[in-house]
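Visitor: I'd like to learn how to read a few features of a model. Could you walk me through them?

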Amino acid sequence: MNTFQHIKPAGKAQFKDRYTTKAAELLTPWEEGKKGDIAIIGAPLSKPSISHSGASFAPDAIRRCLNSFTTYNIERGTDLAEDNKSIIDFGDITMHPTSIEESHQRIYESVKAATSTNAAPFTIILGGDHSITTSTVKAIKETKGTVGIIQFDAHHDLRNTGDGGPTNGTPFRRLLEGGHIQGEHLIQIGIRNYANAKAYHDYAIEQGVTVYTMKDVRQQNIIKLIQESLVQLESQVDTIYLSVDMDVLDQTYAPGCPAIGPGGMHPDTLREAVQATLKHPKVHTMDLVEIDPTLDIRDMTSRIAASLMMEALIK
Ligand code: CA
């Protein structure tokens, strides 16, 4: 009698239904020459956060949440596993223990290296806090050319760098000041009342940034708003980068964001907006940032991020 027949490797699921595939089973570690439908890379950095943040734990939490979903889409009648969809996982970038500048440099170099492999037509960077986006966009500019950005966020993230250096309040300011993007190529969606200083809204307008507030989101059709944004960018840039700060969501849905607040977006609106953006052939990259799993409740916020990641598989 085999007395080990009821023992399984540690960490494996307790129960396996023969007909069910979990989205996490689509993950496959990157190897030279391996190709997939999307690629992911973790940027677990939260030391530049203005407020307390454990966003460095988010890449693992988001990957783990793929175990919460099956691969079957009932509304489309499609199955990601049957369609042989795969997610190439580059793993996580090792951060410097104390130097934020060095960590930002490592993110830049690693994203540039990962996207240069052409392992997948679409890449998702799992933050980390929003400070990573300066490094990732710089990398994408070098691999894909002029970058246009659609940013979902409660905040402009255009703070001056004199007061705190390259914090998570500054990524788009640093991109503009460094000449890496033009103001006309940045579209911010979901900006909220009492979450920004007037000086930074004025700066956005001076720079030619397009700003849609939450009122605009509530009063306009989100698909139409996205389509107009894509038309605005498509003839001017080589690639479109989607930056999703999860704090664009209302605090009800995103307890894991360090900067939660009322008056934010519903997750279905964000999902529809992301779906509409992903359809465009010039959209090659997305980041998902500002989730602190240590603040989250039952991984609610990471679970939304994981579901947005799955949308990219049916791009
Ligand atoms: Ca932000």
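Visitor: Are Asp 153 and Asp 245 buried or exposed?

Guide: Keep in mind that this is a predicted model. Under 20% relative accessible area counts as buried, and both Asp 153 and Asp 245 are buried.

Visitor: Which atoms coordinate the calcium ion?

Guide: His 130 gives ND1, Asp 153 and Asp 157 each give two OD atoms, and Asp 245 gives OD, at 2.2 to 3.0 Å. Along the chain, these donors follow the spacing H-x22-D-x3-D-x87-D.

Visitor: Why is the arrangement irregular?

Guide: Six donors count as octahedral if opposite ones are over 155 degrees apart and all others between 65 and 115. Here the 6 donor atoms subtend angles of 46 to 159°, so the arrangement is irregular.

Visitor: What should I know about backbone angles?

Guide: Most residues other than glycine have a negative phi, and most peptide bonds are trans. Asp 157, in the loop between E7 and H4, has a positive phi of about 60°; this residue is buried, with a relative accessible area of 7%. Asn 84 also has a positive phi, near 55°, but is exposed, at 64%. Asn 84 is in the loop between strand E4 (78-79) and strand E5 (87-92).

Visitor: Where is a cis peptide bond?

Guide: A cis bond joins Gly 127 and Gly 128, with omega about 15°. Gly 128 belongs to the loop between strand E6 (123-127) and helix H3 (132-144).

Methods:
Residues are numbered from 1 along each chain as its sequence is written. This is a predicted model: local features need pLDDT of at least 70, side-chain atom pairs count only at pLDDT 80 or more; totals for chains, interfaces and linings use all residues. Side-chain values use heavy atoms; hydrogens and water are left out. Donors are N, O and S atoms within 2.8 Å of the metal (3.2 Å for Na, K and Ca); water is not among the atoms, so sites may look incomplete. Four donors count as tetrahedral if all angles lie between 85 and 135 degrees; four count as square planar and six as octahedral if opposite donors are over 155 degrees apart and all others between 65 and 115; anything else is irregular. Buried means under 20% relative accessible area, exposed over 50%, partly exposed in between (1.4 Å probe, protein chains only). Helices (H or I, at least four residues) and strands (E, at least two) are DSSP runs, numbered from the N terminus.
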